Amino acid sequence: MKYKSTIILFIILIILAIMSLFMGATDIGISTLISGEKSIYSDIFLLARIPRLLAILCTGVGMSVAGLIMQQLCMNKFVSPTTGATIQSAEFGIALAMIAFPTMGLAVRTIFAFILAIVGTLLFVFFIQRIKFKDAVLVPLIGIMFGNIIGGITNFLGYQWEITQQLSTYFSGSFSLILQGNYELVYLVVPLIILAFIYANHFNIVGMGEDFSKNLGINYQGILILGLSISAVITASIIVVVGQISYIGLIVPNLVVLFKGDKIRGTLIDTALFGAIFVLLCDMIARSIIKPYEVPIELIVGSVGSVIFIIMLFYKLNGGRKVAVNEQ
Amino acid sequence: MNVQDLIKNYGSKTVVDEVSFQVPKGKVLSLIGPNGAGKSTVMGMISRLVARDAGIIHFEDKDLNKWKSKELAKKLAILTQHNNVQLKLTVRELVSFGRFPYSGSHLTKEDKEIVDKAIAYMELESIEDRFIDELSGGQRQRAYIAMVIAQDTDYILFDEPTNNLDIYHASNLMRMVRRLCDELGKTVILVLHEINYAAFYSDYVCAFADGKIAKFGTVEEVINKECLHDIYKVDFEIINVKGKPLSVYY
């Protein structure tokens with residue numbers, strides 16, 4: 001059946017989501033909730049746990065779809081917000097906003113993060129298009145270097161203006177500070193993903209190459225910029241609220257593609273669900289290893305993600321070599 | 001299609017120099033010539049993939065640049081060799097993209113029938129659910145041609161379609177080109193390296209040398225000793241096989 005994987009993923013996600021709601025320092029049973037009494041427990045539930053869950057879901061969905069779009073448009077399986085300088089550019093934007101408008105709040109930081117994330121990503125992509133690397137692995141390496149340069153500038157600014165500490169707490173991804181009233185920006189992920197779904201076939205065609213797109217009457221540069229901007233804005237809105245969460249955009253789409261293929265219309269929902277499950281699982285691990293405290297989720301995602309990334313690299317490199325031998 | 005005084009410069013080098021010709025409708029036209037003679041650049045310009053520096057390309061009573069990209073995609077299709085083949089798309093998904101200029105992302109029932117027909121025409125039914133990155137070069141080429149057939153354009157342009165194909169697949173492809181013209185009434189333009197494929201499967205040949213047209217004419221007018229020697233600077237023997245001029249060179 002065509003939608004079998006989607007349904008299974010959806011059911012797993014629902015179960016995990018419910019488990020996550022009843023996990024935490026304060027024990028809250030279902031009975032306390034249905035009793036209907038307004039108490040400290042229901043407040044914790046409504047003000048902290050549900051917002052946290054929603055933020056996790058939006059992060060998982062958003063980062064993995066952002067990665068999926070970037071990989072398609074750049075024709076490279078290793079490009080993602082982490083390896084395409086998007087995250088670092090958004091952080092650079094936040095640092096700039098903190099320095100230039102220290103008294104202004106979230107809105108200014110968000111706008112700066114959006115603009116810088118878009119500019120940084122487009123710069124990187126136009127750069128790699130000009131150079132036309134033959135080796136697929138070189139592209140993410142260039143992206144990581146490019147991202148590190150931007151991160152270096154951010155650090156420098158941080159030292160100069162003595163906001164290093166503020167920045168590092170801001171950037172390290174964590175859901176522990178999510179409360180009602182300060183996280184709603186991540187909902188922006190939802191309309192952006194709907195937009196991505198509408199343009200899914202356009203992204204596929206652009207991913208086939210410039211000549212291929214022109215032949216079908218598609219505005220190649222326009223769609224490229226649209227897709228990358230969607231990815232950048234999704235990433236930036238997550239960084240502003242949650243902080244940096246690496247690797248999801250890289251590994252989740254690649255794992256789903258192995259089973260579902262590259263047709264975005266077919267993989268988008270699965271990728272989104274799988275991304276949400278992945279982040280939710282990592283968050284539950286982060287909350288349970290040193291109970292009742294928690295480690296930052298970036299630590300868990302980063303360590304799991306980097307291992308999978310290395311395995312993926314080896315897998316691709318070996319696969320590439322095999323193809324070359326077969327052709328001779 | 002009518003081409004007049006086409007010019008293309010790369011830096012200070014003129015790669016296409018005042019090229020003019022008329023494309024015969026409903027026929028197969030092959031562009032031949034040595035490397036760097038400008039044939040692929042001309043192909044790029046008449047298919048709007050390459051911008052031209054000067055000249056006029058008249059396509060169905062309108063300049064090519066005046067056409068809306070989407071409308072042109074219903075009249076003229078080009079198949080190049082620089083497509084991304086890494087994607088895990090099935091053959092059917094690829095062929096369905098041919099309907100994109102007509103229906104966008106929402107294929108109608110009619111579109112699906114056209115896709116079915118294109119797949120059947122290229123005999124791809126047995127592999128229609130396979131991913132294109134797992135196919136052999138010949139199968140993939142057939143899948144791309146099926147997409148172009150689904151695009152249902154009057155003009156089909158192929159840029160070096162026999163590259164990377166072995167003799168079996170290359171000659172099959174050329175027979176397919178002939179069928180596109182004879183059975184479906186398409187106007188086909190090809191860029192070819194193999195002179196004999198041009199001689200055996202096309203109606204007209206346009207030979208390029210140094211960015212100019214050295215000779216334009218029917219197969220017999222172009223594929224002969226003197227003409228080929230002028231273009232390639234190599235001695236040729238012409239043998240008559242099945243009424244066609246087969247050229248031999250070494």
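Two strands are taken to pair if DSSP finds at least two bridges between them, and helices (H or I, at least four residues) and strands (E, at least two) are DSSP runs numbered from the N terminus. With that in hand, one pair to begin with is B:His58, whose bridge partner in β5(B) is B:Asp63.

Before I go on, please keep in mind that this is a predicted model, in which local features need pLDDT of at least 70 and side-chain atom pairs count only at pLDDT 80 or more, while totals for chains, interfaces and linings use all residues. Residues are numbered from 1 along each chain as its sequence is written, and chains are lettered from A and ligands numbered from 1 in the order in which they are written.

Let me stay with chain B and the sheet around that pair. Strand β4 (residues 54-59) of chain B and strand β5 (residues 62-63) of chain B run antiparallel and are joined by 2 bridges, with B:Phe59 standing opposite B:Lys62. The hairpin of β4(B) and β5(B) has 2 residues between the strands, and there B:Glu60 takes a positive phi near 50 degrees. Towards strand β1 (residues 2-10) of chain B, β4(B) is again antiparallel, this time over 4 bridges, and B:Asn2 is found opposite B:His58. The whole is an open sheet of 4 strands in the order β2-β1-β4-β5 of chain B, with antiparallel pairing, and its edge strands, β2 (13-22) and β5 of chain B, each pair on one side only.

Helix α1 (residues 39-46) of chain B lies across β1, β2 and β4 of chain B and runs at about 115 degrees to β1(B); here axes are lines fitted to C-alpha atoms, for helices over the stretch in contact, and angles run from 0 to 180 degrees between N-to-C directions.

Chain B has another open sheet, of 6 strands, in the order β6-β7-β8-β3-β9-β10 and with mixed pairing. Strands β6 and β10 (212-218) of chain B stand at its edges with a single partner strand each, so one side of each is left without a neighbour in the sheet. Direction ignored, neighbouring strands of this sheet are turned by 15 degrees against each other on average. Within it, strand β7 (residues 155-159) of chain B pairs in the parallel sense with strand β8 (residues 187-191) of chain B over 5 bridges, and B:Asp159 stands opposite B:Val191. Helix α6 (residues 137-151) of chain B lies across β6 and β7 of chain B, at about 170 degrees to β6(B).

Now to chain A, and to the packing of its helices. The axes of helix α3 (residues 40-74) of chain A and helix α11 (residues 220-241) of chain A come within 9 Å and cross at roughly 150 degrees. Angles under 35 degrees count as roughly parallel, over 145 as roughly antiparallel, 65 to 115 as roughly perpendicular and the rest as oblique, and α3(A) and α11(A) are therefore roughly antiparallel to each other. By class, their contact has 13 nonpolar, 5 polar and no charged residues, where Ala, Val, Leu, Ile, Met, Phe, Trp, Tyr, Cys and Pro count as nonpolar, Asp, Glu, Lys and Arg as charged, and the others, Gly among them, as polar.

What does α11(A) meet in helix α8 (residues 189-198) of chain A? A:Val189, A:Leu192, A:Leu195 and A:Ala196 in α8(A) meet A:Ile230, A:Val233, A:Ile234 and A:Ser237 in α11(A), contact meaning that the C-beta atoms of two residues, placed from the backbone, lie within 7 Å. These residues divide into 7 nonpolar, 1 polar and no charged. The axes of α8(A) and α11(A) come within 10 Å and cross at roughly 160 degrees.

Finally, the two chains together. In the model, 23 residues of chain B are in contact with 17 residues of chain A. On the side of chain B that touches chain A, the elements giving two or more residues are α2 (69-72), β6 (76-79), α3 (91-97) and α4 (100-103) of chain B, and the largest share, 3 residues, comes from α2(B). The residues of this side divide into 11 nonpolar, 8 polar and 4 charged.

A word of caution to end on. Chain A averages a pLDDT (the predictor's confidence in each residue, from 0 to 100) of 86, and 91% of the residues score at least 70. Where pLDDT is low, the predicted coordinates should not be read in detail.
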